[in-house]
Amino acid sequence: MTASLPRQAAPPSRPPRPEGHRHMIRRRAITLLIIGLLIGVPAGYLLISAEQSRDSGKAKQDKYAATGLTPAWPSKVQRRLYQVPIPHPADMVAYYETNNWKTSRLYVQFRTTNAGLDAFLTGMGARRADLVRDKITIGARDRSISGWAFTGPGQWWGLVHPQKNPAPTQDVILNLANPTYPMVYVVSRTVP
């Protein structure tokens with residue numbers, strides 16, 4: 001038995017018309033556009049993503065390179081972890097956090113109203129009666145880190161709010177030079 005070979009198709013009755021110049025230009029332009037989109041869209045996405053990542057890294061670097069109080073509110077997580085309930089209204093808010101293997105500290109300062117002060121003390125678990133006049137409860141080490149001096153004019157009141165680990169212990173100093181708007185300084189430390 002012999003294998004049969006496939007038949008070749010018959011030549012077309014009419015030869016194909018040559019492509020016109022206008023059609024060729026249009027086809028090449030569409031091809032170039034498609035190639036440009038296939039390369040340009042992912043490349044643009046990568047550039048935008050890289051820029052956002054770099055900006056995020058710079059912001060984090062600035063945050064963690066800070067040495068001293070930063071004029072901003074601490075995050076809600078920090079306020080909850082260190083149990084520092086900053087009341088509303090409050091202004092002149094600044095904070096600084098330090099962490100090491102032994103102790104973590106959050107330094108916070110803010111100015112508030114009398115009602116805000118009462119809300120702060122209540123939220124922390126203390127009362128105005130716990131305050132002692134002219135008692136500087138924040139130690140020299142913490143004062144040097146935060147830049148607080150507590151030497152200016154004012155009525156200085158302090159309290160220590162100790163708690164059992166892992167709950168934080170807070171050292172609080174109030175400046176009641178302006179009794180309508182007391183200034184509050186807090187160092188909250190916790191042992192991980």
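Predicted model: local features only at pLDDT ≥ 70, side-chain atom pairs only at ≥ 80, totals over all residues.

Me: Which residue in β6 does Gln 109 stand opposite?

Reply: Residues are numbered from 1 along each chain as its sequence is written, and side-chain values use heavy atoms, with hydrogens and water left out. Strands are DSSP runs of E with at least two residues, and helices are runs of H or I with at least four, numbered from the N terminus; two strands pair if DSSP finds at least two bridges between them. β2 and β6 are antiparallel partners over 8 bridges, and there Gln 109 faces Tyr 185.

Me: In what order do the 6 strands of the open sheet run?

Reply: Start from the edges: β1 (90-99) and β3 (132-133) each pair on one side only. β1 joins β2 (residues 104-112) through 8 antiparallel bridges, and β5 (residues 169-175) joins β6 through 7. The pairing is antiparallel, and the order is β1-β2-β6-β5-β4-β3.

Me: How many of the 8 residues of β6 are buried?

Reply: Buried means under 20% relative accessible area, exposed over 50% and partly exposed in between, with a 1.4 Å probe and protein chains only. Tyr 185 counts as buried at 12% relative accessibility. Strand β6 (residues 183-190) is largely enclosed by the rest of the structure, because the number of its residues that are buried is 7.

Me: What kind of aromatic pair do Trp 148 and Tyr 185 form?

Reply: Rings of Phe, Tyr and Trp (its six-membered ring) pair if their centres lie within 6.5 Å; planes under 30 degrees apart are stacked, over 60 edge-to-face, and the rest tilted. By this rule there are 8 aromatic pairs. For Trp 148 and Tyr 185, the centres are 5.2 Å apart with 70° between the planes, so by the cut-offs the pair is edge-to-face.

Me: How many residues apart are Trp 148 and Tyr 185?

Reply: Trp 148 is buried, with a relative accessible area of 8%. Trp 148 sits in the loop between α4 (140-146) and β4 (156-161), while Tyr 185 belongs to strand β6. The pair links distant parts of the chain, and the separation is 37 residues.

Me: Which ring does Arg 111 lie over?

Reply: A charge sits over a ring if NZ of Lys or CZ of Arg is within 6 Å of the ring centre and within 35 degrees of the ring normal. Arg 111 is at 5.9 Å from the ring centre, and the ring it lies over is that of Tyr 181.
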